[in-house]
Amino acid sequence: MRAELEPLLKLQEIDLKIKDLEAKKAEAPKRLEALRCNLAAREAELAQLTAELSEIKKRKIDIEDELEIETGRLNKSQQKLSSIKTNREYQALLKEIEEIKKANKTREDEIVATMEELEKINISIKEKEAEINAMQKEVEVENLHLNQVENEINGQLYTMMEQRDAIAKDARQDLLSRYNFLRDKRGGVVIVSVTGAVCNGCHMNLPPQLFNELLRDEKIHYCPTCQRLIYAKTNDKNGD
């Protein structure tokens, strides 16, 4: 009866290879997905830096405009000094001039600080752009590699499916139905050998009478525990 299991053993071997290939095909895009995710994160960081740059530029322009206005007011106040006749008005204007000078000094310091900020952010933007360019090239290379891998796997799967269909025609249909029913439930391993009365699928002992019948090889047997199709392992070159 072992001969009746041979087509299913070949089928099982091909199905396990197909399963491995499908797993590789499912795994293949993950590196590309990770690279794209990292690239999107870097692009978001660049957008954030660009927004900060724009905000700082706007703040610098606002401060410069204020400084220009207050510098004009300072000049007018200084010119007005010579025309003031009372000491009280003179002292008040002097105080106002000093306050304008103090405020303008603060504005000048802020302008210098914003210029330093702009310089740092511009450097960060250039570094980020270089990083993104490198990652974009890496994504392109990985995408080409992925297409190549998927094409190779699809080619192998097509060939194996053709082989599978041809082998399935030679299988006993009731055994094939059982094989198909159990294949996903048993991780793709439906036909297993038995060694010393132990099923090599579930590693449980067979009843002695069943094992003796299995050795006689007069009919198809199933493991009473895992329901797999079983055969006695032999020492000849055709045994597993």
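## The cysteines

Cys202 comes out as partly exposed, at 21% relative accessibility, while Cys223 sits at 1% and counts as buried. (Buried is under 20% relative accessible area, exposed is over 50%, and partly exposed is in between, with a 1.4 Å probe and protein chains only.) This is a predicted model, where local features need pLDDT of at least 70, side-chain atom pairs count only at pLDDT 80 or more, and totals for chains, interfaces and linings use all residues. Residues are numbered from 1 along each chain as its sequence is written, and side-chain values use heavy atoms, leaving out hydrogens and water.

Cys202 is in none, and its nearest cysteine sulfur, in Cys223, is 3.6 Å away. For Cys223, that distance of 3.6 Å to the sulfur of Cys202 is too far for a bond.

## The largest pocket

The largest pocket has a volume of about 190 Å³. (A pocket is an open set of points on a 1 Å grid over the protein atoms alone, where a 1.4 Å probe fits, with protein on both sides within 12 Å along at least five of seven lines; lining residues have an atom within 4 Å of a point. The volume is the space filled by probe spheres set on the points, which are joined across faces, edges and corners.)

Helices H1 (2-27) and H3 (87-170) each give at least two lining residues, and H1 has the largest share, with four. (Helices are DSSP runs of H or I, at least four residues, numbered from the N terminus.) Among the lining residues are Asp15, Lys19, Glu22, Met161, Arg164 and Arg183. By class, the lining has six charged, two polar and two nonpolar residues. (Asp, Glu, Lys and Arg count as charged; Ala, Val, Leu, Ile, Met, Phe, Trp, Tyr, Cys and Pro as nonpolar; the others, Gly among them, as polar.)

Key:
A disulfide is a pair of cysteine sulfur atoms within 2.5 Å.
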